[in-house]
Amino acid sequence: MVRENLVRARKRIERAAERAGRDPHTVRLIVVTKEAEIDQMREAVEAGVTDIGENRIKDALSKKEVFDSHVLSWHMIGHLQSNKAKDAVRIFSIIHSVDSVKLAYIINKEAEKNNKIQDVLIEVNTSGEKTKFGLKPENIENFLKETKHLKHINILGLMTMAPLAGDAGSVRPYFRKLKELADIHKLKELSMGMTQDFEVAIEEGATMVRIGSAIFK
Ligand SMILES: *Cc1c(COP(=O)(O)O)cnc(C)c1O
């Protein structure tokens, strides 16, 4: 099941990239395992998945132990509390959800202790929904200014979550917005698109898509 779903998801990624005139290899599939059983995860890893997305530190820690012998990149995609930054820096290749200058400072400090340069993305609330985390678009400039001197974080790009929508087309403006913001600020990576909307996100320039339920349903 998982294997077939993966094949299907990869095909859809490929087709969406081609529709947009993009090389499919420029889209990184992050498999979101927050609702997956260990056996399902194992199936995914055996089918060649290398990038794993989790939104809780505790789950990531225990799952990482299970898959310790595999070379995997772990992605923190959920809201990160300051007091969990220490663990996050220890286990994640990329933290997608940096949403305040304060958190950036704490991550930087923890990364310094670990002799690491932590790759991060800035989460942006492109929809303005109150229930969503993320910087307001107009605050990105200030964030970049205030974190410029931090030597132990590396800001790769931006991340967003579109509103839940009945039809995929209605989320397009939010992805387009994120792409515009990344261009303005000369940031390269765009983490956007989930099961409901990853094809639209790819058409709008996503370089990382975070897909869970399409693979583990
Ligand atoms: C759960 C989650 C996803 C994956 O969502 P699916 O609809 O299962 O593909 C992507 N991004 C974030 C931030 C999530 O929390």
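Q: Which residues are around the ligand?
A: Keep in mind that this is a predicted model. Start by listing the neighbours. Around the ligand are Val32, Lys34, Asn55, Ile77, Met161, Met194, Thr195, Arg210, Ile211, Gly212 and Ser213.

Q: How many residues of each class does the shell around the ligand have?
A: Sort the neighbours by class. Five are nonpolar, four are polar and two are charged.

Q: Which side chains have an N or O atom facing an oxygen atom of the ligand within 3.5 Å?
A: Look for pairs of N or O atoms within 3.5 Å. Lysine 34 places a side-chain N or O atom 2.8 Å from a ligand oxygen. For threonine 195, the distance from a side-chain N or O atom to a ligand oxygen is 2.5 Å.

Q: What lies 2.9 Å from a nitrogen atom of the ligand?
A: A polar side-chain atom of arginine 210 does.

Q: How much of the ligand does the protein bury?
A: Compare the ligand alone with the ligand in place. Alone, the ligand exposes 390 Å². The protein buries 87% of that area.

Q: Which pocket is the space taken by the ligand?
A: That space is the largest pocket.

Q: Is valine 32 buried or exposed?
A: Check relative accessibility against the cut-off: under 20% is buried. Valine 32 has 8%, so valine 32 counts as buried.

Q: Where does valine 32 lie in the fold?
A: Valine 32 lies in strand S1, which covers residues 28-32.

Q: What separates valine 32 from glutamate 112?
A: Read both the chain and the space. Along the chain they are 80 residues apart. Their C-alpha atoms are 28 Å apart.

Terms used:
Residues are numbered from 1 along each chain as its sequence is written. This is a predicted model: local features need pLDDT of at least 70, side-chain atom pairs count only at pLDDT 80 or more; totals for chains, interfaces and linings use all residues. Side-chain values use heavy atoms; hydrogens and water are left out. A residue is near a molecule or strand if one of its heavy atoms lies within 4 Å of it. A polar contact is a pair of N or O atoms within 3.5 Å; within protein, one must be able to donate a hydrogen and the other to accept it, and residues adjacent in sequence count only if both atoms are side-chain atoms. Accessible areas come from the Shrake-Rupley method with a 1.4 Å probe; for residues, only the protein chains shown count as cover. On a 1 Å grid over the protein atoms alone, a cavity is a set of points where a 1.4 Å probe fits but cannot get out, and a pocket is an open set with protein on both sides within 12 Å along at least five of seven lines; lining residues have an atom within 4 Å of a point. A molecule sits in a cavity or pocket if more than half of its atoms lie within 2 Å of its grid points. Ala, Val, Leu, Ile, Met, Phe, Trp, Tyr, Cys and Pro count as nonpolar, Asp, Glu, Lys and Arg as charged, and the others, Gly among them, as polar. Helices (H or I, at least four residues) and strands (E, at least two) are DSSP runs, numbered from the N terminus. Buried means under 20% relative accessible area, exposed over 50%, partly exposed in between (1.4 Å probe, protein chains only).
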